[in-house]
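Please keep the viewer at hand as you go.

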Amino acid sequence: MSARSLRLLSPLLRASPVPPSSRHALSAHHAAQRCALRTASLPSRTCARRGYSQTPDPKLNPTQQTSSGERDRAAIGVFTPKAAALFVLTGIGLYFYFRNEKEKLLEQRRKEREDQVVGRPQVGGPFSLTTHKGEPFTEKDLLGKWSLIYFGFTNCPDICPEELDKMSAAVDKLDEKYGQIVQPIFISVDPARDTVPQVARYVSEFHPRLVGLTGSYDTLKATCKAYRVYFSTPPNAQPGDDYLVDHSIFFYFMDPNGQFVDAFGKASSVEDVVARVEKEVARWEKEYGRRV
Amino acid sequence: MGWFSSSNSSETPSATSRKDRQRCWDSRDAYFACLDAANVVKPGDEGTACADTKKTYEQNCAKSWIDYFNKRRVLAEQQQGVLTQAKTQAETARR
């Protein structure tokens with residue numbers, strides 16, 4: 001057993017009797033005492049770092065001096081100053097990289113949010129109908145104006161006329177304030193009976209600018225689906241039949257990009273509608289510098 | 001009989017006419033007022049009490065509209081009853 005291996009085992013051998021050959025296998029207590037004594041001649045860090053397997057006296061064992069340096073390196077491992085610098089630099093680099101990436105992502109999200117109000121429902125879409133004047137009308141004709149769109153039918157007993165009157169009154173008030181920037185639209189959900197002349201007669205009694213739209217069963221069904229409107233007209237209804245159509249009675253408020261803004265039900269008053277439109281027009285004006 | 005066979009039954013019935021709609025609503029209100037006076041909720045249960053107003057009502061309104069208004073009257077009465085009951089209960093509970 002060499003002196004060196006004994007010294008490494010010294011903590012384990014503390015309790016056992018010290019063999020006469022191993023002068024250096026001393027207890028921690030002894031080592032500390034010796035350190036205190038040797039501080040004048042040896043670097044103090046050796047003592048502080050190594051609690052109980054003490055550095056042998058160089059005079060007694062001169063070969064131990066070089067092996068001590070090797071063991072220092074072994075204790076440090078690969079953590080050299082160069083590696084430490086590389087580690088820190090990589091850390092800093094990654095930190096800035098990810099911060100930059102996060103900023104980019106946030107910027108992208110912000111831009112996406114600009115295009116759509118949070119929580120705006122997907123209402124609306126392409127459609128192709130006929131106006132009460134017999135002209136074609138598509139979703140493109142909604143662009144450049146605010147629109148109020150009501151889905152109903154001309155044989156509607158009471159709710160449709162009430163809602164259309166409300167809508168017309170709101171449009172009149174908004175016309176006074178802004179000029180003609182709001183377009184009222186009536187879309188029929190009763191294709192069998194609501195012919196172009198029928199719709200023309202109907203809309204003329206509500207508002208001079210009210211556009212009445214109608215079309216075939218399939219085109220109206222598709223339009224209503226895009227606008228999330230329910231209606232119950234039987235597909236095989238005859239023009240002379242006497243029936244009512246169950247349908248959604250909201251009217252929609254769309255912006256000049258043809259995007260859905262809000263819906264008004266029976267509970268909304270003319271004042272509610274006007275106030276909501278005014279608020280939205282003001283927001284639009286602030287954002288785009290114009291009212292439509 | 002068309003949808004609106006009030007004065008010009010030969011003409012195409014016109015629910016699109018504001019005037020015709022108003023006439024229908026007015027005759028409906030008259031009939032329902034008569035039912036109220038006779039303490040009848042469900043139209044048709046009044047016997048011969050409101051024959052006159054009923055005739056005008058049926059002349060001025062389309063069949064589908066009459067069905068709709070009659071059904072709604074019954075529903076409204078039921079709703080009223082439930083609301084009154086709820087109110088009474090709430091008042092009792094407060095005491």
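## Ground rules

This is a predicted model, in which local features need pLDDT of at least 70 and side-chain atom pairs count only at pLDDT 80 or more, while totals for chains, interfaces and linings use all residues. Residues are numbered from 1 along each chain as its sequence is written, and chains are lettered from A and ligands numbered from 1 in the order in which they are written.

## The two chains

Let us begin with chain A, which has 9 helices and 7 strands. Helices here are DSSP runs of H or I with at least four residues, strands are runs of E with at least two, and both are numbered from the N terminus. Of its 292 residues, 27% count as buried; a residue is buried if 20 or more other C-beta atoms lie within 10 Å of its own, exposed if 12 or fewer, and partly exposed in between, with C-beta atoms placed from the backbone. Among the contacts in chain A with a separation of 6 or more, 63% join residues 24 or more positions apart, where contact means that C-beta atoms, placed from the backbone, lie within 7 Å.

Chain B has 3 helices and 0 strands, in the pattern α-α-α along the sequence. Buried residues make up 21% of its 95 residues. For contacts in chain B with a separation of 6 or more, the share from residues 24 or more positions apart is 49%.

## Nonpolar cores

A nonpolar core is a set of buried Ala, Val, Leu, Ile, Met, Phe, Trp, Tyr and Cys residues joined through C-beta atoms within 7 Å. The largest one holds 43 residues, and Leu148(A), Ile149(A), Tyr150(A), Phe186(A) and Phe251(A) touch the most other members. Elements of chain A that each supply at least two residues include β3 (146–152), β4 (182–188), α7 (196–204) and α9 (270–288). The greatest contribution, 6 residues, is from α6(A). Another core, of 10 residues, lies apart from it and has Cys24(B), Leu35(B), Ala62(B) and Ile66(B) among its members.

## Around strand β5 of chain A

Which strands pair with β5(A)? Pairing requires at least two DSSP bridges between two strands. β1 (residues 128–131) of chain A runs antiparallel to β5(A), with 2 bridges, and Thr131(A) has Leu213(A) as its bridge partner. β4(A) pairs with β5(A) in the parallel sense over 3 bridges, and here Ile187(A) stands opposite Leu213(A). The path from β4(A) through α7(A) to β5(A) is a right-handed β-α-β crossover, that is, clockwise from the first strand over the helix to the second when the strands point away from the viewer.

Both faces of β5(A) are covered: Val211(A) and Leu213(A) on one side, and Gly212(A) and Thr214(A) on the other, are all buried.

## The annotated site

An unreviewed UniProt entry lists Cys156(A), Cys160(A) and His247(A) under "binding site". These three span 92 residues in sequence, yet no two of their C-alpha atoms are more than 10.1 Å apart, so they gather at one spot. UniProt positions follow the numbering used here, feature names are shortened, and annotations may be inferred rather than shown by experiment.

Cys160(A) sits in helix α6 (residues 159–178) and is buried, with 24 other C-beta atoms within 10 Å. His247(A) lies in the loop between α8 (217–226) and β6 (251–254), and is buried because it has 20 C-beta neighbours inside 10 Å. Leaving aside neighbours within four places in sequence, Cys160(A) is in contact with Gly152(A) and Phe153(A), while the contacts of His247(A) include Phe151(A), Gly152(A) and Tyr230(A).

## Where the chains meet

The contact takes 11 residues from chain B and 11 residues from chain A. On the chain B side, α1 (18–37) and α3 (63–94) each supply at least two residues, and α3(B) gives the largest share, 5 residues.

Key. Contact = placed C-beta atoms within 7 Å.
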